[in-house]
Amino acid sequence: MAGTGKAHLRNSADTVLRVEDLVVEYASAGGEKVQAVSGVSIDIIAGETVSVVGESGCGKSTLAKGILQLINTKSGSVVINGQDITKLKGDELREARPNMQMIFQDSISSLDPHMKVSALVEQPLKVWNRGTEAERKAKVDDLLRSVGLDPEIVSDRKPTEFSGGQCQRISIARALALEPKLLVCDEPVSSLDVSIQAQILNILQDMKQRYGLSLLFISHDLSVVRTISDRIVVMYLGRVVESGPAHSIGRNPQHPYTQVLLSAVPTVNPSAKRDRILLSGDVPSPIHPPSGWPFHPRCPVAESRCRTERPEFRTVSHGHEAACHRVPA
């Protein structure tokens, strides 16, 4: 089934995250089921940045929340550091949470406007009873400096006094307080100016090296993820359509949807000629998806069998897989 295979998963002793056949469903207003994530499988090796890309509504953020068990998942497994957290409940799940943290898209609303910055960053340490008061203060100051904020200036101020980019720096500092192994970034720069985006991405790269992080980066913008990713996973309507090393997908995209996304990436050379691929129609309803392969009504190169058959993953090159009938078997 397209987007539900596991051929692209790797066998490594250094795997930090391994997601297999994850399914997330919502109930619609009419009582029907909406399958927002349909059997997705991805993995992350220690030290990697894996980016999940796709247009709005494809299931990226739902996947991220399902991986962290912030929402209920219908089926599938999420193994983090050798432990399937979908089988954990209550205190057991709580004990696993310090290993995985999340940075949200709306940095301002994700911070309590009534708390001072120092208290926001210190809160995880207090909840988990990490260190003495003096040790926590030193840790908070160090975290704030590591994201480019002067603790003497920002500690006693509240999030409402800062810009979106500054709030995102505070969010990063707070997320790193418990020294997680996996950091999930859900569209962390999409609401920021381009110049600020670059600053936040640089901070994330620096933190990745400093703290030995592995990153799951959610984005709709391939121009952002190509520069920071080791691997890229492309989603459409709740399914994975292509997965592989960032350089391979950037140079040799095989799925028509990936080619569409790449054709929309701006170029730094305004005189360069590019073939922009435009899609017709809107994203199909996830409640009543089209028959066969759901992308076929919008695909510019769809074949007749796409209307009735969902393609399996096929190998493009080492580590690069695509779910498309046009990829040679």
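In helix H3, Val117, Ser118, Val121, Glu122, Leu125 and Lys126 meet Arg136, Lys139, Val140, Leu143 and Leu144 of H4, where contact means heavy atoms within 4.5 Å, and helices are DSSP runs (H or I, at least four residues) numbered from the N terminus. The model is predicted, with local features needing pLDDT of at least 70 and side-chain atom pairs counting only at pLDDT 80 or more, whereas totals for chains, interfaces and linings use all residues. Residues are numbered from 1 along each chain as its sequence is written, and side-chain values use heavy atoms, with hydrogens and water left out.

The two helices pack at an angle of about 120°, and their axes, lines fitted to C-alpha atoms over the stretch in contact, are 9 Å apart. H3 and H4 are therefore oblique to each other, a class left over once angles under 35 degrees (roughly parallel), over 145 (roughly antiparallel) and 65 to 115 (roughly perpendicular) are taken out.

Val117, which lies in H3, counts as buried because its relative accessibility is 0%, the cut-off being under 20% relative accessible area with a 1.4 Å probe and protein chains only. Leaving aside neighbours within four places in sequence, Val117 is in contact with residues including Val154, Phe162 and Ile170.

Two nonpolar cores, sets of buried Ala, Val, Leu, Ile, Met, Phe, Trp, Tyr and Cys residues joined through side-chain atoms within 4.5 Å, are listed below.

| Core | Size | Residues named |
|---|---|---|
| Largest | 54 residues | Ile172 and Leu183, with the most contacts inside it |
| Second, separate | 33 residues | Val24, Ile218, Phe313 and Ala323 among them |

Methods:
Buried means under 20% relative accessible area, exposed over 50%, partly exposed in between (1.4 Å probe, protein chains only). Axes are lines fitted to C-alpha atoms, for helices over the stretch in contact, and angles run from 0 to 180 degrees between N-to-C directions.
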